[in-house]
Amino acid sequence: MNTETIQNDPLTLYGEHLSSRFLLGTALYHSPQAMCDSIAASGCDIITVGLRRQSPKDNSGDHFWQLIRDTGCKLLPNTAGCKSVKEAITTAEMSRELFETNWLKLEVIGDDYNLQPDPFGLLEAAEQLIKRGFKVLPYCTDDLILCQKLLDVGCEVLMPWGSPIGTGLGLMNPYNLKTLRERLPHIPLIVDAGIGSPSQACEAMEMGFDAVLLNTAVAKSQQPEQMALAFAKSIEAGRSAYRAGLMEARQTASPSTPVVGQPFWHNG
Amino acid sequence: MLTLSLNGDKMNLQQPDSLSQLLEKQGYQAQKIAVAINGEFVPRSLYEQTSVNDGDQIDVIQAVGGG
């Protein structure tokens, strides 16, 4: 996105102005270089990161840390895999120290099969973490009431799923997503998870979502760097389309070329 | 003799150590890590004064890719 566009259309999350509406994950790439190239091609300002147990003999954690630090991107640690409020809070505290940020992509998973967020655990964890000074970006379902309650406890950004993590199914429930946009017009909404193709990301942006977060669709493509660029373009296109205002769809045809003055057309 | 769990692996200690001593012996001292004992976060500033006890479950984590 060029400077003029950024100035006219900033994305502001927790008071920080961002130059990109594309948030990219750092998992599943076939090589560290592919990850770095994809991040560069995406133009993203924020990358998501995780934490896991590691043996002292394996210093890949330090190597990974250096790589992501060198990207210059803002880090958004996640609590992936946490299934309880306690696990999420401990993981968040570890992330804050490790990554030196109080920003957090909060995940509390309620079901192993579709990795669906547990709305009750998510809400409780969000409330406690905000009291501890975290800036929480909750990975949530597209349920309006849950989203309203997450705002009530202090979340300033919401990240509803498009569809389950890693599926690539796109926007599973457009009605719910449109409802969120309409009912929460001033809240930054980021579609997180389930996006499989640039057209799906574009659809989310055309719908009025403020940004898109994805990982698998880039990392598992045949050429991640090229796919990252494709997503960046689609997200920018979708945003421009939303700002321009889409025409209303209609059920019947309407000629675009003027009818008056058409040759070879005679009354009777 | 103390028996601990370090990242899910059992280990024995002849005598009680501080958390910082344990991490150093295990080769973590130069690495960027965060630690929890029995599911509770232990800030780096408390490693020296935190003792490890029999039956403790210690998690040492590092940065990885995440979505």
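Because it is a prediction, local features need pLDDT of at least 70 and side-chain atom pairs count only at pLDDT 80 or more, while totals for chains, interfaces and linings use all residues. Residues are numbered from 1 along each chain as its sequence is written, chains are lettered from A in the order in which they are written, and side-chain values use heavy atoms, with hydrogens and water left out.

**View 1. Chain A as a whole.** Chain A holds 10 helices and 10 strands, where helices (H or I, at least four residues) and strands (E, at least two) are DSSP runs numbered from the N terminus. Its C-alpha trace spans about 90 × 40 × 40 Å along the principal axes. Of the 268 residues in chain A, 50% are buried, a term that stands for under 20% relative accessible area, with exposed over 50% and partly exposed in between (1.4 Å probe, protein chains only). Among contacts in chain A between residues at least 6 apart in sequence, 65% join residues at least 24 apart, a contact being heavy atoms within 4.5 Å. The accessible surface of chain A is about 13200 Å², and carbon and sulfur atoms own 51% of that area, as computed by the Shrake-Rupley method with a 1.4 Å probe; for residues, only the protein chains shown count as cover.

**View 2. Chain B and its helix.** With 1 helix and 5 strands, chain B follows the order β-β-α-β-β-β along the sequence. The radius of gyration of chain B is 12 Å, close to the 11 Å that the globule rule gives for 67 residues, so chain B is as compact as a globular protein of that length; the radius is taken over C-alpha atoms, and the rule is 2.2 Å times the number of residues to the power 0.38. The C-alpha atoms of chain B fill a box of roughly 40 × 25 × 20 Å along the principal axes, and 49% of the 67 residues are buried. Within helix α1 (residues 19-25) of chain B lies B:S20, which is buried at a relative accessible area of 17% and touches B:Y47 and B:E48, leaving aside residues up to four places away in sequence.

**View 3. The largest pocket.** About 510 Å³ of space lies in this pocket. On a 1 Å grid over the protein atoms alone, a pocket is an open set of points where a 1.4 Å probe fits, with protein on both sides within 12 Å along at least five of seven lines, and lining residues have an atom within 4 Å of a point. Grid points are joined across faces, edges and corners, and a volume is the space filled by probe spheres set on the points. The lining of the largest pocket has 33 residues, with A:I165, A:G166, A:N215, A:T216 and B:G67 nearest its centre. Elements giving two or more residues to this lining are β4 (46-53), β10 (211-214) and α9 (216-219) of chain A, together with β5 (57-65) of chain B; β4(A) gives the most, with 3 residues.

**View 4. The second largest pocket.** The volume here is about 400 Å³, and of the 15 lining residues A:C82, A:E87, A:T91, A:M94 and B:D59 lie nearest the centre. Two or more lining residues come from each of β4 and α4 (85-99) of chain A and from β5 of chain B, with α4(A) giving the most, 5 residues.
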